[in-house]
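Please open the structure in a viewer and keep the selection tool at hand.

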Amino acid sequence: MQTPTELKYASSHEWLAPDGTVGISDFAQDQLGDVVYVELPEVGRVVTAGETVAVVESVKTASDIYAPASGTIVAVNEQLAQNPELVNSSPYGDGWLFRLDVTEEGGDLMDAEAYAAANG
Amino acid sequence: MTRTPETPLKRTPLHAAHLRAGARMVPFGGWEMPVQYAGVKAEHEAVRTRAGVFDVSHMGEFRVTGPDAEAFLQHVTTNDVARLKPGRAQYNWLPNETGGLVDDLYVYRVGPEEFLLVVNAANIEKDWAHLQRYAPGFSVGLSDESDRWGLLAVQGPAAELLLQPHVDVDLSAKKKNSFFKATLLGFPVMLARTGYTGEDGFEVFVEAGEAGALWEKLLALGLSPAGLGARDTLRLEAGFPLYGHEFAEDLHPLASSYTWVVKDKAHVGREGLRAAPPVRLIGLTLERVPVREGYPVLLGGQPVGHVTSGTISPTLGHPIAMALVRTDAAAADTFEVEVRGKAHPARRVELPFYRK
């Protein structure tokens, strides 16, 4: 299971990159199974850390995605409308979900080591 | 006995084999069961295009014997058991007094005075108590053989081709809903040409202690292990109602189109089943967004029902759902389904969504 060290991780399995990009972890995509639909937030929406901002649906279930930081949504991954399976195949790359202009990080973010230990 | 969340989950004889095959295990009807191995889509496709094998050992088996076995089953079920010849199986319902369902089940006629019932895992204790309650007055013996049997479902268009070289019976001569004793890969089994995926296939009854070894040999033949996730998407594409979703104690089962399961005879709950169902089971398709159990179904902006099962169909590539809607609304061609506060257009389609 990959856990890139340059990212921070929420206990609810979202990752946050230094540039504000957000996705879900390799562990999370594996647990979800085949992703078939992603509902993304509107660009421009102001969100608070911990707020539900997106939904990732696998064949079996719908899972809420929470903002790992407070800020404004400045971009969403339009590719996921046609290719939601990118979340499975490239959770840290082409499967990113949205990008935040971060004003404040959430309180529970972990580094890669702590996240990997918590989900080993 | 009512099962509480604290009750330890039961395990089938294949538990260790599932872990070896990389299964993700989940609680299901009081059992710890594999939801997927390689992935739901891959397992679904394997069953639609070739063949897969499911562990359905969690299902219950009751044996009914005695001079009144047929009369007893005629009384407690809705289908006509008297039509069954030995070696033939039948889909059937176990109604309650008010016309809801205690369970849906398969009835196998072993002999003139001997039947095997296969019931849903979550309902084993309830069904057993229900049958016990009606048994007095009939010369009938009931035995719960649920722990005796491992049950494997080999399903898919290549099922017969893959099994035939390893079984001592001509499978091509066996029609749907027939069952028979055989030796499969060296194991004494009972094979039934039945299943719940919409594909051809066989259900394999094997002594519980031998189920693990048989499972491994079936995988070695090239059968893909398939979990509950694929079982659910397959049965939903095939339009098969599932107890706990489309059937329940307080749901009129004739809301489904399975009117043929109720024959004109005296049976428990007959009066309740004669009343017209207030809701009807329909099929819906949507463009993009998957809809799940419990989501409201709207007609002209007004709620008229709810989704009972929904997923994105792996075969069709778009969302499909079954829903119970008010009978007076059921004939409409277009509905909306509310997803996270937003209404999405849905088109009513005839069930099943997929026919092989």
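This is a predicted model: local features need pLDDT of at least 70, side-chain atom pairs count only at pLDDT 80 or more; totals for chains, interfaces and linings use all residues.

**First selection: two helices**

Select residues 40-49 of chain B, helix H2, and residues 228-237 of chain B, helix H7. Helices (H or I, at least four residues) and strands (E, at least two) are DSSP runs, numbered from the N terminus. The two helices pack at an angle of about 55 degrees, with their axes 8 Å apart. Axes are lines fitted to C-alpha atoms, for helices over the stretch in contact, and angles run from 0 to 180 degrees between N-to-C directions.

Now display the side chains of the contact (heavy atoms within 4.5 Å). H2(B) contributes Val40(B), Glu43(B), His44(B), Val47(B) and Arg48(B), while H7(B) contributes Gly229(B), Ala230(B), Thr233(B), Leu234(B) and Glu237(B).

Next, select Phe28(B), Leu228(B), Asp232(B), Leu242(B) and His245(B), the closest to the centre of the largest pocket among its 49 lining residues. On a 1 Å grid over the protein atoms alone, a pocket is an open set of points where a 1.4 Å probe fits, with protein on both sides within 12 Å along at least five of seven lines; lining residues have an atom within 4 Å of a point. The space in this pocket is about 1,100 Å³, a volume being the space filled by probe spheres set on the points. H7(B) gives the most to the lining, with five residues.

Select Lys176(B), Gly198(B), Ala238(B), Phe240(B) and Tyr258(B), which lie nearest the centre of the second largest pocket. Its volume is about 700 Å³, and 30 residues line it. Strand E5 (residues 88-95) of chain B gives the most to this lining, with three residues.

**Last selection: two backbone details**

Most residues other than glycine have a negative phi, and most peptide bonds are trans. Select Leu185(B), which has a positive phi of about 55 degrees although it is not a glycine. Leu185(B) is in the loop between strands E10 (179-184) and E11 (187-192) of chain B. Finally, select Leu351(B) and Pro352(B), joined by a cis peptide bond with omega about 0 degrees.

Note on methods. Residues are numbered from 1 along each chain as its sequence is written. Chains are lettered from A and ligands numbered from 1 in the order in which they are written. Side-chain values use heavy atoms; hydrogens and water are left out.
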